[in-house]
Amino acid sequence: MKKLLLLPFVLVLAACTTTESVQPWERGQLARTDMAWNTDPLHNAMREHVYTSKEGASGGLSTGGGGCGCY
Amino acid sequence: MMHKRLRRIRLHLLLILPMLLGSISFGLQAAPAPDFTLPRLDGSESVSLASLRGKVVYVDFWASWCAPCTVALPEMDKVRRDLHARGFEVIAINLDESEADAIRFLQRMNLSYPIVTDPAKSTPTAYKIAGMPTAFLIDRRGELHSTHAGFRPGDSAKLRLTIEQLLQETP
Amino acid sequence: MTTTKKRNPLAALTGAALALPAIAQLAHADSAPVKTEVGYRYSQYQEDDLSQSQILIGSPERYDVDNHAFRLVTPLNAQLGLTVDASYETMSGASAYGVAEDAQGEPKLIMTGASIDDRRNDVSASLRHYRDNGSIAVSVGWSDEKDYTAYNAALEAEQSSADRLTTYSGGIGYSSDTIEPVQEAGINRPDSEDKSTINGFAAITRILSASWQVQGGLFAGFNDGYLSDAYKARDIRPDERQSFGAMARSRYFMPDLQAALHADYRYYSDDWGIQSHTLEFAWHQSLTKQLRLVPLLRYYSQSQADFYVDNDSISHTGDQSSDYRLSPFGAIAYGLGLVYEETSWRLTANVERYDSEGDLALESVDRENPMLVSYTLLAVGVDYRF
């Protein structure tokens, strides 16, 4: 069960090694608001604040990259 | 082996090219702008670049999901309305996957210049665009004058100066 | 919202949580904002009351929070974007003074008698400079309560490859916190204590296809100073804590279903002996062009801190804490969000239910901490762009 939880991490690493080229004009789906790393920063800040104050663990990544790729 | 190395060199060139194109507005070696004939988004007659020879043309690649593109469209419409009589034209090439998205978006705008669509995406390839939005200024001789990558509010003021200079040239 | 994580007014500085100073709250976009956006969220956080059978002495009433959060994102010029966050919250409730064994040897709570009221003000600002394919941001924040003050600052940078398919990002943050416990006659509490926190992260974001992007990275934190709970009867913790973690995230869009699947996984480990796994899924289902329904599911599990004790017996020596945040447990949260989005404005509503239990942990737990929390979080909000 515990090892199973590492699966997504392994999948992402594996996925990073294979990629197809995505042209600048093919990023309409990636630019969608529901595809953002953080779709609702204000609400998620509240959620994170609660989790961090009720659980032993804390920390994470910021959320750059992906998305529209617009200039 | 050799083939592999060539491929790698080509890959490097591909990486460097967009980097060069990515810098905002720089001079290009005089080169003819790749010609195209594309249907209008509203279904009326097609527009070809060749038919506009003798005019200064701003070719703008855009999509409805690209925020800076949506700043460029109305700003460039003002410039076009002011300078159209002197020989300036804008062609906005839409690159949305779904034409319906583009049409819905344009309902909120009242743009005077032709909006065309390129479902095969052959023009952005021919113009080697590296990001959205990217626009090209083409002089009266049909040659590429400059590239404008990205669009910030107010950018049309700078562009207007360049366009007015180009309008003074004779074909 | 800030960084400074505070548990509740009576259990400030438990140190079990360390926030990622300001970095995590930066407005994010791959290019400078072209429009000004303002947002507001009203949230109501309500913990379930304790059952009388878990309490030896005191009130079963737990924590309620009302939070008002505001955000402004605006372009200052072609290359510069400013984000300002401010929040105001009021809290009330009782908290645990300690854990003692009853006649049968079961751990029971000793609660503070009266409900405590407090409020928190929180302001942070960040300035992001965009150039070519990257950006650099600096941010500062301040948070204030009756018994707690925190200042923090952070620096973050990101750079994309020329094709903009790969983005490298990293950041470092610092926070300086002071606790001045509310004094009560007859109880010996410190007058004023400090702690400082440094943390950082490094991440890679990669676009894999026109409908799939992933992100992976590492983060670390270091706490130094007073990390104990000043309000507990016996709470003695090390004055340092080092933590480390890894995170993997995925965003996948399915055009046929008009749905986006979000999956996030986090591994966390620290030198207090806590290891945890967090797994979260959210399904963003578009019903119309404007309306979106977002069910979410989150699972969390942690092992206990080395010095965790399941009761505050005076027979324990050295580092010890009966804080439930340091106990072994698992938690499941499920929620539903509703988003109505037009071009220049957006309305949101969210509900989330959280339950933590010893039995939900990955490893079996003999004695569950009686203070483990269950809560409901309700939120409504509006955003406006102009």
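## Paired strands in chain C

In chain C, strand E16 (residues 291–302) and strand E17 (residues 329–341) pair in the antiparallel sense over 12 bridges, and within this pairing Leu296(C) has Gly335(C) of E17(C) as its bridge partner. As with everything described here, these pairings are read from a predicted model.

E17(C) is also joined by 12 bridges to strand E18 (residues 345–357) of chain C, and these two strands run antiparallel.

## Overall make-up of chain B

Chain B contains five helices and seven strands, which follow one another along the sequence in the pattern α-β-β-β-α-β-α-β-α-β-β-α. Of the 171 residues in chain B, 35% are buried. When contacts in chain B between residues at least 6 apart in sequence are considered, 73% of them join residues at least 24 apart.

Asp139(B) lies in the loop between strand E6 (134–138) and strand E7 (144–149) of chain B.

Once neighbours within four places in sequence are set aside, the residues in contact with Asp139(B) are Val56(B), His145(B), Leu166(B) and Glu169(B). Phe88(B) is 51 residues away from Asp139(B) along the chain, and the C-alpha atoms of these two residues are separated by 9.5 Å.

Key:
Residues numbered from 1 in each chain as written. Chains lettered and ligands numbered in written order. Predicted model: local features only at pLDDT ≥ 70, side-chain atom pairs only at ≥ 80, totals over all residues. Helix = DSSP H or I, 4+ residues; strand = E, 2+ residues; numbered from the N terminus. Buried ≥ 20, exposed ≤ 12 C-beta atoms within 10 Å, placed from the backbone. Contact = placed C-beta atoms within 7 Å. Pairing = 2+ DSSP bridges.
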